[in-house]
Amino acid sequence: MIRQDSKTLLEVRGLRATVNGIEILKGMDLTVKAGEVHAIMGPNGSGKSTFAKVLAGHPAYVVTGGSVLFEGKDLFALAPEERARAGLFLGFQYPIEIPGVANAQFLRLAYNTVQTQRGKDELDPLEFDDFVREKMKLLEMNPDFLDRSVNEGFSGGEKKRNEILQMALLEPRVAILDETDSGLDIDALRIVAGGVNQLANKDNAIVLVTHYQRLLNYIEPDYVHVTEAGRIVKTGPKSLALELESRGYDWVSAAAGAAA
Amino acid sequence: MSSILQNLVNKPYEHGFVTDIESDTAAKGLSEATIRMISAKKNEPAWLLEFRLKAYAHWLTMTPPAWANVHYPPVDFQAISYYSAPKPKKKLASMDEVDPELLKTFEKLGVPMNERAKLAGVAVDVIFDSVSVATTYKAKLAEVGIIFCSISEAVHEHPELIQKYLGSVVPVGDNFYAALNSAVFTDGSFCFIPKGVKCPMDLSTYFRINTESSGQFERTLIIAEDGASVSYLEGCTAPKFDSNQLHAAVVELVALDNADIKYSTVQNWYAGDENGVGGIYNFVTKRGLCKGVNSRISWTQVETGSAITWKYPSCVLRGENSVGEFYSVALTNHHQQADTGTKMIHIGKNTRSKIVSKGISAGVSSNSYRGLVRIAPTAAGARNYSQCDSMLIGDKCSANTFPYIDVRNPGAQVEHEASTSKIGEDQLFYFAQRGIGAEEAVSMIINGFCKDVFQQLPMEFAVEATKLLGVKLEGSVG
């Protein structure tokens, strides 16, 4: 929900980044305020996922220019784990498997780390078990998930639900969900989107990175941004997504090219 | 982030110091005269000298094994001192009489044995450069008929047991290093659990090599009679030296009918520096004989130290329905080389064995699992299950698995599973994105990886082992 008086959570200015020496982000600008839902759309290779990873601090990417303020502070002064503790969450496009580490143990450590950061009490394994089971209901998850290794042998849909479960536990200020809709069947999409909607409130913000308009039927964005060659070239209301769905991306590129 | 991984493994060795105790060290070199000297120093009976000389004669005909996947310059066996003992003083009756320097060493190692032994209820037979210095809880164990003492002492006080069992599992000519050990062993532990006795506490020995260039040749013999059971713990650290130190121990276990022996090791000897200079050569022969029906021998090892590890704790399953187990975590870093595994020799009917091996390689190290499962024609109904998993940290290390399976009975069932995984930067990034730092992440991954083995360790040891892996990998991520 757009409100003029809400606080700015994320302010990206002229962000440039490379991977393996190749420049992918070529001057991204984005302002995200509390209570808002943003959708970033764009063709393959336009820098959407890179943008998400750079914000979270993936070591393969090198920031070469620009600035990012997270709640007014320099995001790049923080290590990846510090960004997470400060409330920046990345829902992974391909959550990695971690064999041998029980999901319950992993979730509890992540939860307690963030709680400690916020000056709140940690939960012991029994308390946490009750707490996490409650959150799992939100996503219609089977409690078996807790005993399995992190993401190991999970189906695509299970992995995505596990991501949103982590978002529910960590209560981030800004959640960037990288193609959370990919690989989901229609039921899973409904459940995952329902979870995200319940977690959205006036104090946090959600940035959806997606290829398809489909997800936006379930999670209504306040803004739709279109990326092209490492830049946001067009921003509009929700209706822009529908237009992209019917017309493709080419007309945006052409218009951006003409404007440049 | 690979530098993160590199750093996690680079914590300097903390136990590098030499205790300043006067040593009685023999001149370097090995000959029949050396062996006679050792035997005389130890005031041994004639049959033991014969045992040694027979082993020496065998050894002279043998060459060091070359089949292992480890590489090092040839060892000059004439450049080693074969006997080193703290200057003999009067016999020690209590801990108060132990050299304070020695106690300080244990302090540094985190083994405040006078307290720890009591608190933990562990009897510690301390080996300090080959000679046993103090034995605690001996009296308490004696009440139930358990003998737990140094092997030198046992030679004098229980010669009939030593004569009967010494070399009965690992014959004097078994292999190059076992023959060498049989010829020159200076001390070690002896443990005897009589019929029907369940040992009321875990028995523990801390080994420590102290004098530079003194070869260490411990000899351990554990016997569990009918229906007896014992859990034995062995833990090791060594001071930091630049010249390589040879260690060639022999451990023999004998389990009679319905007996149960559990042998756990946490090994953290000096592994050499980051460039591979120095470190212990650990060439050990460990073998257990399940002699009686329904007997069981279980080896658990956590190997984190030594420049080179050559070690295959094995089980000979002769008794019907006997069970052999091997649980291993071997961690190598920097230039360490490990070739370790087990042998399960099934002879009796319906014998079973289980092998769980976890190898972790970091730095430029090489880590090999080598195992043999042999099913003899007599071993009808024998079963084996083996699981060998390797984990790589960084991209300059290597992991190998060499499973040998030799089945001569058509009714046997043998299963082997293997996997290789890698701690990658994407895994660490995933943890980081959830607020969890790299060290904690690696520790969690490694502990998860080793879980099946750690579960086998006695509680106290399991905690120690978990910490040890953490320390060993500290700084390799960061």
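So, burial in chain B: buried residues make up 57% of its 478 residues. By buried I mean that 20 or more other C-beta atoms lie within 10 Å of the residue's own; exposed means 12 or fewer, partly exposed is in between, and the C-beta atoms are placed from the backbone. Please keep in mind that this is a predicted model, where local features need pLDDT of at least 70, side-chain atom pairs count only at pLDDT 80 or more, and totals for chains, interfaces and linings use all residues. As for labels, residues are numbered from 1 along each chain as its sequence is written, while chains are lettered from A and ligands numbered from 1 in the order in which they are written.

Staying with chain B, we have 12 helices and 23 strands. Those are DSSP runs numbered from the N terminus, with helices being H or I of at least four residues and strands being E of at least two. Take the contacts in chain B between residues at least 6 apart in sequence: 85% of them join residues at least 24 apart. A contact here is two residues whose C-beta atoms, placed from the backbone, lie within 7 Å.

Let's look at one helix. Why is helix H9 of chain B, residues 176–184, called largely enclosed by the rest of the structure? Because eight of its nine residues are buried. The buried ones in H9(B) include Tyr177(B), Leu180(B), Asn181(B) and Val184(B). And what do they pack against? In chain B, the buried residues of H9(B) pack against helix H2 (32–41), H3, and strands E8 (219–224), E11 (250–255) and E13 (280–290).

Pro64(B) sits in the loop between helix H3 (46–60) and strand E2 (84–86) of chain B.

Now a strand. In E12 of chain B, residues 260–268, nine of the nine residues are buried, so this strand too is largely enclosed by the rest of the structure. Asp260(B), Lys262(B), Ser264(B), Val266(B) and Asn268(B) point one way, Ile261(B), Tyr263(B), Thr265(B) and Gln267(B) point the other way, and all are buried. E12(B) pairs with strand E14 of chain B (residues 296–303) in the parallel sense, over eight bridges. When I say that two strands pair, DSSP finds at least two bridges between them. To find this pair on screen, go to Ser264(B), which stands opposite Thr300(B) in E14(B).

On to where the chains meet. 18 residues of chain B are in contact with 19 residues of chain A. On the chain B side, the elements giving two or more residues are helix H10 (425–433) and helix H11 (438–454). H10(B) has the largest share, seven residues.

Those two helices also pack on each other, at an angle of about 120 degrees and with axes 9 Å apart. For that, axes are lines fitted to C-alpha atoms, for helices over the stretch in contact, and angles run from 0 to 180 degrees between N-to-C directions. From H10(B), the contact uses Gln427(B), Leu428(B), Phe431(B) and Ala432(B); from H11(B), it uses Ala438(B), Ala441(B) and Ile445(B).

Finally, chain A. Its average pLDDT is 92, and 98% of the residues score at least 70; pLDDT is the predictor's confidence in each residue, from 0 to 100.

Chain A has an open sheet of six strands in the order E6-E9-E10-E3-E11-E12, with mixed pairing. Which strands are at its edges? E6 and strand E12 (231–236) of chain A, each pairing on one side only. Within that sheet, E3(A) (residues 37–41) and E10(A) (residues 205–209) pair in the parallel sense over four bridges, and Ile40(A) has Val209(A) as its bridge partner in E10(A).

There's also an open sheet of four strands in chain A, ordered E2-E1-E4-E5, and its pairing is antiparallel. In it, E1(A) (residues 8–19) pairs with E2(A) over nine bridges, and Thr18(A) has Glu23(A) as its bridge partner in E2(A).
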